[in-house]
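Dear colleague,

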Amino acid sequence: MSSKVTRLFRQFVPNNYQLTLDIDDDNLTFKGKVVIKGEKVGRPSKRLTFHQKDLQITGAKALYSSKTGVKTVDIERINHHKKFEEVRLHSQKLLYPGEYLIELNFEGRITQTMHGIYPCNFKLDNQHKKLIATQFESHHAREAFPCIDEPEAKATFDLTLITKDKLVVLANTPIKKQSLNNKRLTSEFTTSPVMSCYLLAFVFGEMHSLSKKTKSGVIVSSWASLAHPLSALEYSVNEAVKILEFLEDYFKTAFPLKKLDHVALPDFEVGAMENWGLITYRESMFLSDKSNPSISTMQDITRVIAHETSHQW
């Protein structure tokens with residue numbers, strides 16, 4: 001008889017993630033820290049459990065907000081449970097329901113699987129280049145950071161990425177602040193809306209874009225690697241603006257974000273993905289050849305942009 005998988009959302013309800021990822025795209029590794037604010041629910045127990053897959057949890061701290069004040073939780077043992085893709089934080093004392101602040105330090109590897117954090121390879125001037133991108137749907141956020149990786153476990157995200165300098169860095173929300181230290185670029189993004197982990201996304205690398213603004217003031221941009229001319233983005237950005245304006249009117253609800261990026265990825269497992277504020281596409285589903293236009297290709301591009309943009313609501 002097989003072991004039963006327990007839904008972690010029934011034990012811990014997150015409401016905010018403060019996530020910092022330091023990504024070494026040369027060696028295809030990353031390290032990070034996540035501070036998870038949330039509520040332990042259900043019965044008292046001696047452990048806190050989060051999803052993780054192929055991560056090494058190098059440190060853990062926990063604080064419990066009780067009626068008498070904030071108390072430190074003694075983490076006696078960190079157990080990586082590979083079969084259930086979990087990390088379990090064990091304490092000698094009972095942990096009671098209530099508000100907790102969990103801090104986890106971790107390390108991981110960037111793989112070629114086209115999910116989690118992965119490289120997108122292309123050539124520019126006969127040189128090998130890559131974008132670093134994410135694909136977290138449906139259950140691959142746990143490959144990038146410890147979390148409650150279930151769709152109903154919605155929370156806000158405060159994301160910080162540390163990358164090489166001179167690269168374009170994109171995520172769900174606009175950049176709040178950037179700083180440079182020893183040729184390492186730190187990009188802090190504004191707080192996301194409440195959303196599932198699988199909608200969190202980022203892309204960075206050598207990219208360029210065309211941008212336009214909708215009637216309601218949303219900045220819409222189409223992005224591609226430098227291997228493609230900007231003319232390949234003209235059709236998509238024009239269609240993306242018209243589609244967003246149509247859907248705002250159709251739903252009678254304004255698009256809730258300040259920007260909407262559309263990114264063509266050189267390597268992508270599926271056709272497209274509706275990450276909130278940062279939609280990603282297979283290049284063949286998004287780029288057009290202005291010098292040799294194809295009606296069927298343009299129809300496909302419009303159809304995919306409309307489909308993914310409708311998911312934004």
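Contact, in what follows, means heavy atoms within 4.5 Å. Please keep in mind that this is a predicted model.

Leaving aside its neighbours within four places in sequence, Phe255 is in contact with Val218, Leu244, Glu248, Leu260, Trp276, Gln312 and Trp313. Phe255 lies in the loop between α1 and β18, and since buried means under 20% relative accessible area, Phe255 counts as buried because its relative accessibility is 5%. Between Phe255 and Ala141 there are 25 Å in space, C-alpha to C-alpha, and the two are 114 residues apart in sequence.

Just after α1, Lys252 has a positive phi of about 55 degrees. The buried residues of α1, among them Val237, Ala240, Leu244 and Glu248, pack against β16 (207-213), β17 (219-225), β18 (259-265) and α2.

As for the helix pair, the axes of α1 (residues 234-251) and α2 (residues 295-310) come within 9 Å and cross at roughly 40 degrees, and the two helices are therefore oblique to each other. The contact is made by residues including Tyr235, Ile243, Leu247 and Phe251 of α1 and Met298, Ile301, Ile305 and Thr309 of α2; the residues of this contact divide into 10 nonpolar, 4 polar and 1 charged. α1 passes α2 in a right-handed crossing.

Definitions and conventions
Residues numbered from 1 in each chain as written. Predicted model: local features only at pLDDT ≥ 70, side-chain atom pairs only at ≥ 80, totals over all residues. Heavy atoms only, no water. Axes fitted to C-alpha atoms, helices over the stretch in contact; angles between N-to-C directions. Helix = DSSP H or I, 4+ residues; strand = E, 2+ residues; numbered from the N terminus. Parallel < 35°, antiparallel > 145°, perpendicular 65-115°, else oblique. Left-handed = near helix turned anticlockwise from the far one by under 90°. Nonpolar A, V, L, I, M, F, W, Y, C, P; charged D, E, K, R; others polar. Buried < 20%, exposed > 50% of the residue type's maximum accessible area, 1.4 Å probe, protein only.
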